[in-house]
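Could you look over this model with me? I have put my notes as numbered points.

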Amino acid sequence: MSVAKTLPRNRPLQRRQPDPLRRRAAAVRWAIVIGLVVVLEATTRTGMIDRTLMVPPSEILIRLASIVLTEQFGVDAARTITTILTAFSIGMVLGIPLGVFLWRVPAAGRILEPFIVTGYAMPTLLFYPVLLAVMGLNAGPIILIAASMSLVPIALTTMVALNSIKPILHKLANSVNASPTQYYLKVLLPAATPLVFPGVKLGFIYAVIGTIAMEFILAAQGIGFRAGFYYRELNTADMWAYIAVVVVLSVLVNSILTRLEKRIRRDML
């Protein structure tokens, strides 16, 4: 008997009714954002906030519109996005197998988990000078640090997700003589994915943070570097324009990942 025939099929998608509470929460969030922008515009225009600290949001928007059309912005954005995606991909490729290994070999999990948790709490940015001396001034050290920051939450949530799978599913796979491939792909993967995804989402956020932070400190290219460059040049308007780019990028990616997470949870839980 095939395990695919035994396991229940996914239920057909049902059209969800609009949630009034969710709409109200979204309206309140937008009201908070608009209110903050209005307050910042007023306080910067009236001089309550010094221009060396911040310029009016309307001025930031104008600078942003002119910056995104330049070739320099395209080069910086391509460098930052490539670094983030590379670091996140490494974190995924290494983190998920590591989480499966820690779940599959409980003794290894008990031994290695404290080291991994310590690495999670450790500011890996401190290793940048060493990596810079070894790998040179290129994207390598940034990718390595951002990947290590991304790997840990992915590995830990994978291990926790696999430990949380109901024992009945393991017994069901054994009862139908599922092959290892069927066991992993048709039982473990669907059951663990909804719980693994928050770690994947967190891993991507850490890849963004690691990349932007390292570029800001010592890189020679990228959005983070450009924000740091204008900070050191006391060009507040352009610095905030690049910070706005990072904020917009983070909100956009977080929105996409949140929608994807909701879709996965709705389909698989």
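1. The lining of the second largest pocket is made up of 18 nonpolar, 1 polar and 1 charged residues. Here Ala, Val, Leu, Ile, Met, Phe, Trp, Tyr, Cys and Pro count as nonpolar, Asp, Glu, Lys and Arg as charged, and the others, Gly among them, as polar. The pocket's volume is about 760 Å³. Among its 20 lining residues, Trp30, Val33, Val37, Val247 and Val248 are the closest to the centre. A pocket is an open set of points on a 1 Å grid over the protein atoms alone, where a 1.4 Å probe fits, with protein on both sides within 12 Å along at least five of seven lines; lining residues have an atom within 4 Å of a point. Volume is the space filled by probe spheres set on the points, which are joined across faces, edges and corners.

2. Please keep in mind that this is a predicted model, where local features need pLDDT of at least 70, side-chain atom pairs count only at pLDDT 80 or more, and totals for chains, interfaces and linings use all residues. Residues are numbered from 1 along each chain as its sequence is written, and side-chain values use heavy atoms, with hydrogens and water left out.

3. Which helices supply at least two residues each to that lining? They are α2 (20-45), α3 (57-67) and α11 (236-268). The largest share, 8 residues, comes from α2.

4. Overall, the chain has 11 helices and 0 strands; helices (H or I, at least four residues) and strands (E, at least two) are DSSP runs, numbered from the N terminus. Its C-alpha atoms fill a box of roughly 75 × 55 × 35 Å along the principal axes.

5. Now for a helix pair: the axes of α7 (residues 139-163) and α9 (residues 180-218) come within 7 Å and cross at roughly 160°. Axes are lines fitted to C-alpha atoms over the stretch in contact, with angles from 0 to 180 degrees between N-to-C directions. α7 and α9 are therefore roughly antiparallel (an angle over 145 degrees). Their contact has 19 nonpolar, 7 polar and 1 charged residues.

6. From the unreviewed UniProt entry, "transmembrane region" is placed at several spans, including 21-40 and 81-103. UniProt positions use the numbering adopted here, feature names are shortened, and annotations may be inferred rather than shown by experiment. Residues 21-40 are 100% helix, with end C-alpha atoms 29 Å apart; residues 81-103 are also 100% helix, with ends 32 Å apart.

Key. Angles under 35 degrees count as roughly parallel, over 145 as roughly antiparallel, 65 to 115 as roughly perpendicular and the rest as oblique.
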